[in-house]
Amino acid sequence: MIHIGVTVDGILRHGDVEPRTLLVHWLREDLGLVGTPIGCDTSNCGACTVLIDGRSAKSCSVLAVQVEGATITTIQGLAQDGEWHPVQKAFKECHGLQCGYCTPGMVLASVDLLSENANPTEDEIRHGLEGNLCRCTGYHNIVKAVAMAAAEMRGE
Amino acid sequence: MTETVERTGGPAIGRPIRRKEDARLLTGRTNWTDNIQLPGTLYMSLLRCPMAHAKIINIDTSAALAAEGVVAVYTGKDFPELPGSTCVWPVTDEIVMSHFPAICLDEVKFGGDVVAVVLATEKYLSVDALDLIDVDYEPLPAVVDMEDALKPGSPLVHSDKGTNECYVAKMPCGDYEAATVKADRVVKRRFINQRLIPSPMEPRAVVAAPMGMSDEITIWTSTQIPHVLRVLLALLTGIPENNLRVVAPDVGGGFGAKLQINREEVLAVVLAQKLGRPIKWTETRSEHMVGTHHGRDQIQDIEMAVMNDGTLVGMKVDLLADMGAYLQIITPGTPLLGMFMYSGIYKMEALDFTCTGVYTTKTPTDAYRGAGRPEATYAIERIMDEVAFELGIEPLELRKKNWIKHEEFPYTQIAGLTYDTGNYEAATARALELFGYDELRAEQAERRAAGGPVQLGIGISTFTEMCGLAPSRTLGALKYVAGGWEHCTIRALPTGKIELITGTSPHGQGHETAWSQIASDIIGVPVEDIEVVHGDTGRAPYGMDTYGSRSLAVGGQAIKLAGERLVEKARIIAAHQLEVSPDDVEFAHGTYSVKGDPEKSTTIQAIAFEAFTAHNLPDGVEPTLSGESTVDPMDFSYPHGTHLAAMEVDTETGQVTLRKYVCVDDCGVQINPLIVEGQVHGGLAQGIAQALFEGALYDAEGNLLTGNMGDYLLPSAVDLPSFITDRTVTPSTTHPLGTKGIGEAGAIASTPAIINGVVDAIRHLGVNDVFMPASPQNVWRAIQTAQNGGAA
């Protein structure tokens, strides 16, 4: 077992983990942060996406021991003081989710995308979300939501 | 931007209200089955065989049993009789049924079949122990190709049955032979509707736990069918039904994949009872690819007898349908769900339908979004383009010539269904306008003349489908062993809040919002005051669940009736309170008032409290205020639409690009247009994915080559365009709300539109078909084959 200390959704969490423990399993099983779901076992789907030090990462492809000292944001920690992030609001407004299983990853990947590119074109949004699969929406409304959130965050 | 706040100032039906469900889904407060963590849980892992067909000679579990954390290991010998699934739709009297074991006893019949079960105290330890089980297999020949499987001397999937032919179902309508005599010509094609893997984003999962209350076992499972599952689990395990409670918590998509009774559910229940501890199993994605049923997989031999002027006379449909290794819940019935739809929206004098079900050593097939109707729609819409080509008629003109005209409804089509309403002219006119059809045809001609490598094709699909499974008598006549009704109870609680208990079981469709909208209009309370309870046989005891675009089409009727009954009971109490006759009380927007004296009034919330205290109820009126209804639908409903695809094909590389997609659907009255729109988008993505990207591939030994998400191509955002959509509204007359159903329309309509467009782009090269998915490889091959003198 290896000891790790990680700030998750604003709280410093300590844990003893096996070297092989995946970050997503540590979040879900040990910390009970089940808002981050698992959709595949080949790192294709992106459902488990979280922010590690502000950058999106698939938490099924990261070992828990690798995030020692890092700051992680999951979907459960994205809203600030009860105020939803503009991406969360836009997903609701644009009906950018149906079953909601891809949604945590899709939202956090979108947050990362917008931190890099404040005014993405449709094509840039589509390429930015290429690593996150959705089976319900056909992506149409997700793309609309990200564009709406971008405008909101630019103050338009 | 501020969050949209929805108020119910006017009618709720028809408004694009933002979904109630979204708050928990967007903040990670969702209750997926895999989130459920009970003390003392044992984690179940399944050892799946690595080959398609083999005898089990020996299984050595001793090392696994000795491993850290392992509590038990079971093989087929421990449960030799226990079924893992069952078929509730034996489609013919002569059907060859099969036994699907919970754990294989002496033979495995598809790659992924289960040979051993491990229970351990931790998830990782459970999976670790699988590697310690030693299985000695003797390989048997795989049965992969359906046509080979039917040849004499073929290896058998079930050697005791003496045949791989599962059933032959026939439905002759009219006289097809006479049609061929009358017709000027018969156009014949073979279409392949390839095998697909449904792939909802949430893999399957189950938790079964003895709950200490009497002998109850609670089963949380990622299912579309908690109610049906409860009955089947009781029948398969022998545990009394009244000791089983099935809960479908938040379910992350289904698309038919979760319309099933699975061996993992049976095993979890049996082992929870046996050991007295919670049993938990969560599928990995790679397990999903082999262990959860697949969809489609038909060879379609289609003939269309036509007059030279384009008039359709008769159609012959001869299907081979791959059952896979075993029959699951509706495996044999799935191709027959399309049986009535092969004539589509067209008039003809004969339809001769035959379907042969075939066993192979592959994952069982079953319902996948549309279930039989996408296959039927593909066949009719593809053959229409082929007929148009052979006769030299514009494909849209051929459709117009043969479709049922709007003034001809209700129309009883050749398979005996009566389409209640429709307006194909209106949907088509709107779609053509949005698409810019004439301009694109002109561009196509220019490109054709210029002879560049990238050619343009236009694909058309003017489809209909049948929604709302189903009138129970109809299901009985088709040998389905259950009914097709739906239930709703609406309870007005003492505090004025409303509990709407539905038998439908959503997994992304937004029932919590849409059902609230319906009830809001009927009982006059705000949408936000209505809580929709679903997916729990403990809280919502009656239901037939969600599949086949039935939830609104059938369940919506029950909501309306239940609401009206509640309003009528409350009217009697209100009249008593207002000291007038019930006939003198008017009801509007949640308020009962005396006719001619509107100042004298009371609210439905006040009546709910009166019904609770029961201090002053009229004689003969029972306390509490609720209304309930169980509705058996009078008929199916028939949404329709016109879908148009502009496809660019690089004739040198075979690369296909979807440039523009327009669809105009008619699903009757829309409860929530935002949700309707979302359903259309998602359906389009899946139908387009069948046409362009997806396909389960097996090698000659029966190994699945597309066994994970890296190898099975689910489209991402870059693979799809934004869609241009609109609706026409032709209300259904078989449904009291005028609605029809929209869950499967996009998936049904889009596949032939795409392939028709691809073929249209390269028709001049001699191509008259492209195998799906229309990958660069398949398109390039089609072109090469045609150029080398053979039809593709």
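1. A word on ring pairs to begin with: two rings of Phe, Tyr or Trp (for Trp, its six-membered ring) are a pair if their centres lie within 6.5 Å, and planes over 60 degrees apart make the pair edge-to-face. Please keep in mind that this is a predicted model. Searching the whole structure gives 14 aromatic pairs over all chains. One of them joins B:Tyr74 and B:Phe79: the ring centres are 5.5 Å apart and the planes stand at 65°, so this pair is edge-to-face. B:Tyr74 is buried, with 8% relative accessibility, and B:Phe79 is buried too, at 11%.

2. Next, have a look at B:Trp89 and B:Tyr480. Their ring centres are 5.5 Å apart with the planes at 75°, so here again the pair is edge-to-face. B:Trp89 belongs to the loop between β3 (70-75) and β4 (107-108) of chain B, and B:Tyr480 to the loop between α13 (472-477) and β19 (486-492) of chain B, so the pair ties together parts that are 391 residues apart in sequence. B:Trp89 is buried at 4% relative accessibility, and B:Tyr480 is buried at 14%.

3. Other rings are worth a visit. B:Phe100, B:Phe110 and B:Tyr326 are linked into a cluster by ring pairs. Charged side chains also sit over rings: B:Lys362 lies over the face of B:Tyr698, 5.5 Å from the ring centre, and B:Arg763 lies over the face of B:Phe389, 4.4 Å from the ring centre.

4. Now to helix α17 of chain B, which runs over residues 673-692. From first C-alpha to last, its 20 residues reach 28 Å, close to the 28 Å expected at 1.5 Å a residue. Of these 20 residues, 18 are buried, so α17(B) is largely enclosed by the rest of the structure. At the start of the helix, a side-chain oxygen of B:Asn672 comes to within 2.9 Å of the backbone nitrogen of B:Leu674.

5. Helix α10 of chain B (residues 395-402) has B:Pro395, B:Leu396, B:Leu398, B:Arg399 and B:Asn402 as its buried residues. Viewed down the axis of α10(B), they fall within an arc of 160°, so they line one face of the helix. Their cover includes β14 (312-324), α9 (373-391), α11 (424-435), α12 (437-450), β18 (454-464) and α18 (745-762) of chain B. The N-terminal end of α10(B) is capped by B:Glu394, which has a side-chain oxygen 2.8 Å from the backbone nitrogen of B:Leu396.

6. B:Leu417 is found in the loop between β16 (411-412) and β17 (418-419) of chain B. Though in a loop, B:Leu417 is buried, with a relative accessible area of 8%. Beyond its neighbours within four places in sequence, B:Leu417 is in contact with B:Phe340, B:Met341, B:Tyr411, B:Thr412, B:Met466, B:Phe636 and B:Tyr638. B:Asn58, on the other hand, is 359 residues away from B:Leu417 in sequence and 54 Å away in space, C-alpha to C-alpha.

7. Finally, a stop in chain A. A:Thr74 lies in the loop between β5 (71-73) and α2 (86-93) of chain A, and it is buried, with a relative accessible area of 0%. The side chains of A:Thr74 and A:Asp9 make a polar contact at 2.6 Å. Setting aside neighbours within four places in sequence, A:Thr74 is in contact with A:Val8, A:Asp9, A:Leu27, A:Thr36, A:Val50 and A:Leu108.

Definitions and conventions: Residues numbered from 1 in each chain as written. Chains lettered and ligands numbered in written order. Predicted model: local features only at pLDDT ≥ 70, side-chain atom pairs only at ≥ 80, totals over all residues. Heavy atoms only, no water. Phe/Tyr/Trp six-rings, centres within 6.5 Å; stacked < 30°, edge-to-face > 60°. Buried < 20%, exposed > 50% of the residue type's maximum accessible area, 1.4 Å probe, protein only. Helix = DSSP H or I, 4+ residues; strand = E, 2+ residues; numbered from the N terminus. Lys NZ or Arg CZ within 6 Å of the ring centre and 35° of its normal. Expected span 1.5 Å × (residues − 1). Polar contact = N/O pair within 3.5 Å; in protein donor to acceptor, adjacent residues only side chain to side chain. Arc of directions from axis to C-beta. Contact = heavy atoms within 4.5 Å.
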